[in-house]
Amino acid sequence: MRVSFDIGGTFTDIVLLTGHLAEVIEAHFGDGSAFGVRIEHVREAEPLGTAGAVRDARHLLTGPFLVLYGDTLLDVDLARMAAFHAEHGGLGTLFVHPNDHPHDSDLLVADTDHRIRRFLPKPHPDGAMLPNLVSAALYVLDPAAIDAVPADGASDWGRDIFPAIVAAGERLNAYRSVEYVKDIGTPARLAKGEADLASGRVARLSHRHAKPALFLDRDGVLNVEINGVHRAQDLHLMPDAGDAVRMANAAGVPVICVTNQPDIAKGFLTEETLGEVMAALDTGLAASGAYLDDTFVCPHHPERGWPGEVAALKIDCDCRKPKPGLLLAAADRHHLDLSRSWLIGDRHADIAAAHAAGARAVLLETGHAGNDAGNRRADPDHVAATLTDAVAFVLKALAE
């Protein structure tokens with residue numbers, strides 16, 4: 001399916017790309033007048049794949065268009081995604097999110113500017129540290145993206161075309177969201193989608209609704225505190241991190257990591273190295289079927305004096321905890337209700353950041369265990385011995 005839209009985000013023109021039982025689809029939808037839209041139908045004479053089918057409709061595509069797969073259940077603010085694409089440019093924007101089985105998924109790597117840098121197709125090497133980020137098969141594309149589709153034969157956007165576009169140096173964007181997008185193309189997946197609809201999970205994650213989130217500090221909470229993790233091999237998960245995060249995943253509560261990483265400003269690690277460290281964190285969590293919905297990082301540090309420091313990052317910013325900038329940015333991206341959200345951290349700076357954002361906070365007795373209090377003590381709303389205890393407390397509070 002292809003959908004076009006005007007600059008205001010109104011979807012008016014639909015092209016249904018069909019093959020098997022095309023006549024049934026055409027009879028049901030007709031020209032779209034019954035639904036208040038315009039629908040055209042393009043039948044493939046032979047299977048052309050997801051990209052080849054769009055290539056056959058090239059004559060109908062005069063502006064940016066949205067590609068949806070017919071076996072997908074979703075509740076996504078499509079106009080917002082289209083606006084994101086218009087802002088960032090490039091040949092396309094892919095809806096991306098983590099899943100609970102990245103080891104057997106096609107993955108991708110995106111930078112802090114949301115630009116996709118490479119694709120990591122399965123199978124993955126044993127022991128590889130992998131970022132947990134997958135394409136949900138929902139795209140906004142520029143008509144020029146079709147120029148990368150071979151003129152003959154079948155081809156697939158994810159397998160064939162997008163990797164070629166990136167390899168050619170063209171821009172593709174990663175649009176990360178907690179909204180619900182799931183493949184329901186098998187009986188088991190269809191049953192799961194129906195259950196998620198019935199439970200209200202699909203609607204709760206919609207961008208239409210402000211939702212609570214669980215914010216997690218990283219060092220001392222998710223991984224062992226060693227005064228700065230500068231290499232992927234030095235990151236070691238807390239014993240209960242995977243199980244604790246999976247509890248929140250199962251409850252349908254977005255889990256968002258908010259972490260100060262001042263060693264980037266100090267020159268001890270680069271943003272690329274930080275990406276490798278976060279991939280190690282993703283891999284460790286995935287071993288328990290757990291995932292982070294998003295991560296927000298402050299790379300700044302106000303004090304100077306380190307050899308090799310990055311001058312541009314030595315600033316007094318609004319995102320370094322105890323300031324609330326990371327939480328506010330997450331709330332803006334994912335439409336979060338901070339008044340119902342919780343942060344779990346091991347420092348009083350974490351507690352203060354949560355309270356400054358209007359959220360509540362749990363102080364963990366792991367990592368620094370609140371030993372940073374000094375003159376900036378912030379009273380937590382709860383104290384917990386382990387991350388598992390803290391998550392269980394938060395989930396119970398959210399359910400009341």
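Residues are numbered from 1 along each chain as its sequence is written, and side-chain values use heavy atoms, with hydrogens and water left out. In this predicted model, local features need pLDDT of at least 70 and side-chain atom pairs count only at pLDDT 80 or more, while totals for chains, interfaces and linings use all residues.

User: Which element gives the largest share of the lining of the second largest pocket?

Analyst: A pocket is an open set of points on a 1 Å grid over the protein atoms alone, with protein on both sides within 12 Å along at least five of seven lines; lining residues have an atom within 4 Å of a point. The second largest pocket has a volume of about 1200 Å³, taken as the space filled by probe spheres set on points joined across faces, edges and corners. Of its 33 lining residues, the closest to the centre are Ala 110, Asp 111, Thr 112, Gly 275 and Met 278. Eight lining residues, the largest share, come from α9.

User: How many charged residues are in the lining of the second largest pocket?

Analyst: Asp, Glu, Lys and Arg count as charged; Ala, Val, Leu, Ile, Met, Phe, Trp, Tyr, Cys and Pro as nonpolar; the others, Gly among them, as polar. The lining has 17 nonpolar and six polar residues. The charged residues number ten.

User: Which elements give two or more residues to the lining of the largest cavity?

Analyst: A cavity is a set of grid points where a 1.4 Å probe fits but cannot get out. The structure holds one cavity of 30 Å³ or more, and about 30 Å³ of space lies in the largest cavity. Its lining is Leu 17, Thr 18, Val 42, Arg 43, Glu 44, Leu 48, Ala 53 and Asp 56. The elements giving two or more of these residues are β2 (11-18) and β3 (38-43).

User: What is the relative accessible area of Pro 123?

Analyst: Pro 123 lies in the loop between β8 and β9. Pro 123 is exposed, and its relative accessible area is 76%.

User: Which residue in β9 stands opposite Leu 66?

Analyst: Strands are DSSP runs (E, at least two residues) and helices likewise (H or I, at least four), numbered from the N terminus. Strand β4 (residues 65-68) has Phe 65 and Val 67 buried on one side and Leu 66 and Leu 68 buried on the other. Four bridges join β4 to β9, antiparallel; two strands pair if DSSP finds at least two bridges. Opposite Leu 66 stands Val 140.

User: Why is strand β13 largely enclosed by the rest of the structure?

Analyst: Three bridges join strand β12 (residues 214-216) to β13 in parallel, with Leu 216 opposite Cys 257. Val 255, Cys 257 and Thr 259 cover one face, and Ile 256, Val 258 and Asn 260 the other. Strand β13 (residues 255-260) is largely enclosed because its buried residues number six of six.

Terms used:
Buried < 20%, exposed > 50% of the residue type's maximum accessible area, 1.4 Å probe, protein only.
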